[in-house]
Amino acid sequence: MSKTSNINRVDGFAKVTGSATYSAEYKTPGVVYACLVGSTIAKGRIKTIDTKKAEWAPGVLAVITHLNVDKPSGYEKAKDKHNFGQPLQIFKDDSVLYYDQPIALVIADTFERMRYAASLIKADYLKEEHATELKKAADKEKKVETDKGNDYHRGEHDGYKNAEVILETEYTIPTEVHNPMELANIIAKWEGNKPVLYTKSQGVEGTRRSIAGVFGVPVEDVEVHSEYIGGAFGMGLHTWPYEIAALIGSKKLNRPVKLVLHREQMFTNVGFRPYTIQKMGLGATKDGKLTGLTHEAVAMTSSYEDFMEGTVNMSRFIYDCANVSTRYRIVPLDTCTPIWMRGPGEATGSFALESAMDELAYKLNLDPIEFRKRNYAEKDLEQNKPWSSKFLLECYEAGMEKIGWKNRKNEPGSVKEGNWLVGYGMGTGTFGCYRSPTSVKAKFLADGNLVLQCSVNDMGPGTATMMTAIGAEITGFAPENVIIEMGKSGLPKGPTQGGSATTSSVGSAVHDACNLLVSKVMTLASQNAAFKGIPITDLTFENGLISSKKDNSKSISLASLINSNKPEDFEVENLSKAAEEAKKYSIYSFSVHFVKVLVNPNLGKIRLAHVVSCADIGTVINQKTSAGQMFGGAVGGIGMGLMEALEIDHRFGRPINNNFADYHVPVNADIEKQEVFFVNKKDPISNPMGTKGLGETALVGMAPAIANAVFNATGKRVRDLPITLDKIIETVKV
Amino acid sequence: MKNFQIIKALSSSSAVASITKDTSVMFIAGGTNLVDLMKKNVVAPDKLIDINALDLKKIEFLNGKVSIGALAKNSQVAEDQSIKEKLPLLALALAAGASQQIRHMATVGGNMLQRTRCPYFYNTDMPCNKRVPKSGCGAIGGTNRMAAVFGTSDSCIAVHPSDMCVALAALDATVLVEGPKGKRQINFTDFHRLPGNTPEKDNTLEIRELITSIEIPDNNFTKNVHYLKVRDRSSYAFALVSVAVALELKNNVISNAKLAMGGVAHKPWRLTETEDFLKGKTASEDIFKQAGKLGMKGARGYGDNDFKLTLGANAITEALTIAASK
């Protein structure tokens with residue numbers, strides 16, 4: 001283990017002491033306060049909107065609606081509004097496409113006056129019939145011809161139907177919302193024709209492109225700051241209407257405008273994991289060899305964007321199976337557009353796949369792990385490529401040991417602790433490893449610090465800490481002498497933070513830039529008179545000192561070298577990309593979640609007595625931040641398994657639990673013991689550090705692990721998430 | 001939230017005198033529910049009378065009864081050593097409610113007056129007879145997992161959300177109030193009411209009346225008591241069903257029994273018939289199962305909450321079993 005592999009989170013002190021500045025906290029002279037007023041119907045047109053009372057209310061500076069908006073120039077250019085990537089154009093016209101869709105922007109001099117004025121706005125509508133229930137809108141199902149939307153077949157179509165043992169089942173997951181602690185927020189202002197945004201974004205460069213498109217300004221003129229993010233989980237991957245609204249308001253008033261969504265709006269206006277219905281067809285021989293696997297998914301999207309995710313993708317490669325078919329359809333509903341939520345696609349798909357695998361294992365009277373081992377994929381049959389590395393079996397072994405799998409009995413309900421039924425379950429997770437082209441600038445300063453710059457964000461996983469560790473490792477600098485500048489435009493261009501790709505992309509770029517910087521400095525040093533006659537290969541660079549390996553009396557400090565040369569000789573900006581070699585391999589992270597539940601069948605109470613999450617994520621750069629991410633992802637999966645569901649009253653097309661008292665996420669008391677484990681073996685292909693991704697696999701596979709454990713404890717198979725207690729107890733009439 | 005005045009009351013009589021006949025003036029104590037309701041525009045008072053300075057925070061052990069001031073904090077009562085010893089059921093119920101932060105702010109009187117958590121009551125875009133009389137009940141025919149199964153009406157199926165009140169109903173508490181006509185006492189079980197055609201009224205408190213204290217008679221329920229709260233997560237969630245049980249056992253024979261349920265009705269639901277059934281019986285699994293079934297007699301589900309019929313019976317059985325085994 002290297003000295004940088006367990007450093008503390010570099011921004012931890014700033015975050016826990018409140019000195020970290022989040023978007024809405026920037027001190028902005030002259031800032032005024034804005035909020036959005038939402039529609040109270042799910043579909044139709046605004047007949048009239050009465051803004052007079054609000055306009056006359058004390059302190060109100062502007063009320064903007066579709067009737068008086070100065071439309072951004074980009075609205076006209078975006079001809080086909082149904083293309084993905086062209087979100088709802090706020091205030092474009094009188095149409096209402098979903099409940100709580102913003103219909104007015106209210107700006108006032110104080111927060112309280114703004115909120116009061118907003119409560120005075122009343123609209124009348126021409127209502128149209130809305131559709132918000134996926135199960136009742138199947139006739140609107142559509143196939144989208146894209147990589148994600150195309151049907152996939154390997155071998156015989158629906159080959160499972162010819163198997164000796166067949167399983168056909170259906171699973172649903174409800175809408176789940178991201179709802180990070182930090183609300184969606186922005187301070188927007190204009191400097192001449194240049195928009196400046198302090199906003200919650202997972203991708204500074206992506207936000208710049210969206211804003212440039214909407215307002216018809218050059219991308220380079222858009223300034224975006226998103227230096228600290230209080231969680232996002234995917235909701236920051238989109239530029240949302242509220243951000244456009246704040247810029248419209250700021251332009252009108254020529255003042256900085258602060259807009260923070262209120263918690264209820266976080267459930268309706270900034271995306272969610274889409275409600276999805278999945279059908280599984282699995283076929284196997286009697287001795288447990290999978291011969292066919294069909295995975296079909298139907299998911300919701302909005303009426304104005306085609307949102308798709310990799311729901312069925314995992315089924316194509318995770319097991320060794322000759323005949324695989326996948327189909328994926330979407331149904332437009334009258335809601336806001338869904339957006340990627342932690343483990344997007346795979347989290348949903350793994351619930352169906354890993355539940356079905358468990359069900360089939362019972363049909364075959366096989367231990368679920370044994371069944372998976374008999375169908376272990378030695379290579380990726382979808383892409384027909386070797387794995388870059390795969391230590392999934394090690395994850396199984398570690399998890400079985402830690403959870404006490406040997407105490408599990410295949411017969412449901414046959415293990416008890418006191419009055420509690422004991423069940424063990426597991427679920428496999430995976431996620432692709434991506435690496436995006438990334439630029440990083442590294443520079444040595446005369447004061448003994450190393451500066452690393454990249455526009456990438458850190459939404460919480462510890463990106464700055466990872467950059468510090470890699471930079472310190474390569475240069476030999478102490479971590480406290482590494483300064484990270486990130487999360488804003490104007491810095492070397494980094495990737496969007498998503499898809500578990502940040503360490504692979506940015507870490508590699510830090511790695512490459514630091515190596516190039518050290519080489520550059522060594523070359524410069526070797527030309528110094530002090531090292532006359534000494535070949536560069538005989539020089540070392542340690543603790544800020546360049547010296548001769550053979551004669552350490554011959555040395556120059558980096559500081560003196562910097563002082564006697566030009567500063568630009570001590571900086572490198574480099575664009576780092578994946579090697580061509582990587583295309584020959586299939587690169588995935590793998591995880592397995594194990595759960596031991598105790599169930600009181602009379603009360604339906606499910607206790608998570610022990611949760612173990614094991615992952616093969618290649619090299620672990622930092623044990624602390626990685627463990628933190630794994631714990632958090634697993635807890636997210638527990639929420640998905642046991643609690644989370646946005647309840648919609650379809651009569652009105654409105655959510656009814658859009659608050660934190662009624663939309664449940666787990667609390668500490670829900671999880672009695674939790675552990676994480678990493679194989680920590682370097683991937684030889686993925687990138688110079690040998691890392692794979694972590695953020696998504698930390699969640700993928702947890703929900704089925706819980707469902708499978710509940711079945712093992714009770715004999716009740718819950719196929720519709722979340723597994724609330726009413727699904728466990730018998731609902732017979734008294 | 002609209003602008004409002006807040007005035008500090010220095011005596012209960014001056015507090016009462018400040019209240020007008022309509023709802024434009026309201027008392028505020030801990031504010032843990034009222035402030036939420038104001039933020040959401042469910043209520044919009046012009047003036048708040050802050051009663052926190054009143055001398056109503058004491059817990060006193062008097063001859064034959066315990067008196068708890070209306071402004072005693074929930075955490076103060078739950079953690080009081082004498083309450084834990086003499087009224088353990090009350091301490092258990094209080095500790096099961098909300099979160100530690102909320103319990104530090106919330107008062108005993110305020111807890112009694114908290115409004116339902118029915119989502120249709122909170123969302124001002126939805127119909128709700130309790131919030132806007134004659135606007136209809138959204139929960140009937142809607143999403144009603146939390147809703148009542150006892151004492152409902154065609155206008156309302158909301159439940160009272162308190163845990164503390166369930167224990168107080170079981171323990172035969174009395175509510176002491178002060179109003180313009182002077183002081184009076186209300187039996188705790190008569191304090192909250194069923195919705196009928198006027199679900200906008202949660203309780204029998206008259207306008208301008210102020211709760212000053214509650215009194216709980218001395219009893220022998222110091223050992224075989226339990227508060228069972230069944231909820232969707234282990235902390236900070238309202239009860240789907242809760243059961244307060246207090247038993248007096250002599251050689252395993254039940255000499256006295258008090259039972260009340262939460263999460264099932266517009267008020268804490270006292271199970272007197274079940275109490276009578278239990279008296280004189282020997283504690284056993286079978287008797288407790290029968291008690292569970294009897295307790296849920298007459299319950300009616302509304303769809304999403306049908307499971308409460310089974311859950312309620314099982315919860316009664318479980319609570320009795322745990323209480324008897326202590």
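Trainee: How many salt bridges are there between domain 3 of chain A and domain 4 of chain A?

Mentor: The count there is 0 salt bridges, a salt bridge being a side-chain nitrogen of Lys or Arg within 4 Å of a carboxyl oxygen of Asp or Glu. Before we go on, remember that this is a predicted model, where local features need pLDDT of at least 70 and side-chain atom pairs count only at pLDDT 80 or more, while totals for chains, interfaces and linings use all residues. Residues are numbered from 1 along each chain as its sequence is written, chains are lettered from A and ligands numbered from 1 in the order written, and side-chain values use heavy atoms, with hydrogens and water left out.

Now, where are these two pieces? Domain bounds come from an automatic or database domain assignment, and for chain A that gives four, including domain 3 (385-434 + 583-727) and domain 4 (436-577). The C-alpha centres of domains 3 and 4 of chain A are 38 Å apart. Their contact (heavy atoms within 4.5 Å) takes 16 residues from domain 3 and 18 residues from domain 4 of chain A.

Next, area. Domains 3 and 4 of chain A bury about 1,100 Å² between them, with 60% of it on carbon and sulfur atoms; buried area is the accessible area (1.4 Å probe) that two parts lose on being put together, summed over both. On the domain 3 side, Tyr434(A), Ile621(A) and Met689(A) lose the most area to domain 4 of chain A, together 41% of what that side buries.

There are polar contacts, though: the rule finds 4 residue pairs across this interface, both residues at pLDDT 80 or more. A polar contact is a pair of N or O atoms within 3.5 Å; within protein, one must be able to donate a hydrogen and the other to accept it, and residues adjacent in sequence count only if both atoms are side-chain atoms. From domain 3, β17 (420-432) and α14 (623-642) of chain A each supply at least two residues to the side that touches domain 4. Those labels are DSSP runs, numbered from the N terminus: helices are H or I, at least four residues, and strands are E, at least two. That domain 3 side divides into 6 nonpolar, 9 polar and 1 charged, where Ala, Val, Leu, Ile, Met, Phe, Trp, Tyr, Cys and Pro count as nonpolar, Asp, Glu, Lys and Arg as charged, and the others, Gly among them, as polar.

What about the place where the two chains meet? Here 38 residues of chain B are in contact with 36 residues of chain A. The area buried between chain B and chain A is about 3,100 Å², and carbon and sulfur atoms give 56% of it. Asp125(B), Arg233(B) and Ser234(B) supply 19% of the area that chain B buries against chain A, more than any other three residues.

Between chain B and chain A you do get salt bridges, with a count of 2. Take the one that joins the side chains of Asp726(A) and Arg145(B), at 2.6 Å from N to O. The rule also finds 12 residue pairs in polar contact across the interface of chain B and chain A. The elements giving two or more residues to the chain B side are α8 (119-122), β9 (224-230) and α13 (307-324) of chain B, and α13(B) provides the largest share, 8 residues. That side of chain B divides into 17 nonpolar, 10 polar and 11 charged residues.
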